[in-house]
Amino acid sequence: MTTAPTLHFHSEPGEFLAAAGDHLAADPVVATVVASVTNRAAARRADGIEAPDDDWWLVVRDAAGAVVGVGMRTTPLPPFLLPMPAAAAVALARTWHERGEEVTAVNGALPAARECAAEVARLGGGRVEVAQHTRLHELDELVPPAPVPGGLRVAGEDEVDLVAAWFGAFMADADEQAGRARGVSAHETPDRDELLRRIRTGRIWLWTDGAGRPVHLTAANPTSFGVARVGPVYTPPAQRGRGWAANAVAEVSRLLRDEGARVCLYTDQANPTSNRLYARLGYRPVVDMANLVVVP
C-alpha cells in the first residue's frame with residue numbers, strides 16, 4: 001500500500017527555505033516565483049516587517065521524507081503551487097476546507113493547480129474557470145533586436161511615483177490586451193516602501209528616448225538560486241510599437257546574464273504580441289501554468 005504524501009505548513013519563510021531550499025534549487029527556473037517571493041519575505045522579516053498572519057508556505061513530503069512539492073500563500077494573492085503529486089494537491093484542498101480557510105482561486109503549475117482547484121470546487125460547490133493561462137520561458141541565446149534611440153538606465157528614488165503608476169497600470173493593461181476585463185487577474189501591487197526598496201537594489205530600469213524622457217519600464221526580481229525573473233515589462237499605450245520594450249528587455253536580460261544568472265520571464269498566453277516579442281529575443285517555453293478561479 002502506497003503511503004500518501006504529507007503536508008507540512010510553515011509560517012516563517014526562513015524555516016520554509018531551510019526545509020525546501022534543496023528542492024527549489026534542483027529546478028530553480030520552475031521554482032522562480034516561490035523562491036523569489038519567499039526570499040523577499042525573509043528579507044522583510046529580517047528588517048522587522050511582519051507578514052500577514054494568514055501567509056503560509058507548504059512542503060510536501062513522500063513516505064521517505066523527501067520533498068516532492070511546495071506551495072505558498074502570500075496575502076493578498078491566491079495560493080501558488082509548484083508541481084506536486086496529485087494526492088497532495090487534493091489533500092491540500094481538503095485541508096483548507098477542514099480548517100475553514102476560504103480559497104476562491106488557485107495559481108501555479110499544471111496539473112497540480114487544476115487538481116487542487118477541482119477539489120476546492122467539489123467540496124464547496126461551484127466550477128473551475130481559467131482566469132489566465134501563463135507560460136514560463138527561459139532565455140536561450142539572446143538575439144538583439146533592431147536598435148532604437150535612447151538607452152537603459154536604473155530608475156531613481158525620485159521617480160518612485162512614476163514607477164508606482166506604471167506598476168499599477170501593467171496588469172490592467174495586460175488584461176485588456178488579452179481580451180479580459182481590466183483588473184481581473186491576480187497580481188502583486190507593491191506599496192511605495194517596497195518599490196523604493198526595489199529601486200535601491202537597482203532592479204528597476206527605465207528606457208529613455210532620444211530626448212532623455214522615460215518611455216518604458218522593465219524590472220527584475222533579485223536572483224534566487226541562480227535565476228533572475230524579468231518583470232513587469234510595461235510601455236504606456238502612447239509609446240507602444242516603437243521598439244522600446246524589445247530593446248529594454250534585451251539589455252536587462254544581458255545585464256542579468258552577465259551577472260551569471262539564468263534569466264526567465266512569464267507571458268500571458270492570450271497576448272500574442274508579448275509572446276512573439278520574447279520568442280524573437282531568444283526566450284524558449286519551459287512550463288505552462290494557470291490562474292484558476294472557483295466560481296460559485
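This is a predicted model: local features need pLDDT of at least 70, side-chain atom pairs count only at pLDDT 80 or more; totals for chains, interfaces and linings use all residues.
Is Arg-203 buried or exposed?

**Close-up 1. Arg-203 in the loop between α6 and β8.** The loop joins the features α6 (192-200) and β8 (204-208) in the numbering, with Arg-203 lying between them. Arg-203 is buried, because its relative accessible area is 14% and the cut-off for buried is under 20%. Leaving aside residues up to four places away in sequence, Arg-203 touches Arg-198, Thr-218, Ala-219, Ala-220, Asn-221, Pro-222, Thr-223, Leu-256 and Glu-259.

**Close-up 2. Helix α1 (residues 13-26) and its bend at Ala-20.** The bend at Ala-20 is about 65 degrees. The 14 residues of α1 should span 20 Å at 1.5 Å a residue, and the end C-alpha atoms are 18 Å apart, which agrees. Ala-20 is also one of the buried residues of α1, together with Pro-13, Phe-16, Leu-17, Gly-21 and Leu-24. The elements covering these buried residues include β1 (6-10), α2 (32-46), β2 (56-61) and β3 (67-73).

**Close-up 3. The crossing of helices α3 (residues 86-98) and α4 (residues 112-124).** The two axes come within 8 Å and cross at roughly 35 degrees. The crossing is right-handed. On the α3 side, the contact is made by Ala-86, Ala-89, Val-90, Leu-92, Ala-93, Arg-94, Trp-96 and His-97. On the α4 side, Ala-112, Glu-115, Cys-116, Glu-119, Val-120, Arg-122 and Leu-123 take part. By class, this contact comprises ten nonpolar, one polar and four charged residues.

Conventions. Residues are numbered from 1 along each chain as its sequence is written. Side-chain values use heavy atoms; hydrogens and water are left out. Axes are lines fitted to C-alpha atoms, for helices over the stretch in contact, and angles run from 0 to 180 degrees between N-to-C directions. Helices (H or I, at least four residues) and strands (E, at least two) are DSSP runs, numbered from the N terminus. A crossing is left-handed if the near helix is turned anticlockwise from the far one by less than a right angle, and right-handed if clockwise. Contact means heavy atoms within 4.5 Å. Ala, Val, Leu, Ile, Met, Phe, Trp, Tyr, Cys and Pro count as nonpolar, Asp, Glu, Lys and Arg as charged, and the others, Gly among them, as polar. The expected span of a helix is 1.5 Å times one less than its number of residues. The bend at a residue is the angle between axes fitted to the seven residues ending there and the seven starting there. Buried means under 20% relative accessible area, exposed over 50%, partly exposed in between (1.4 Å probe, protein chains only).
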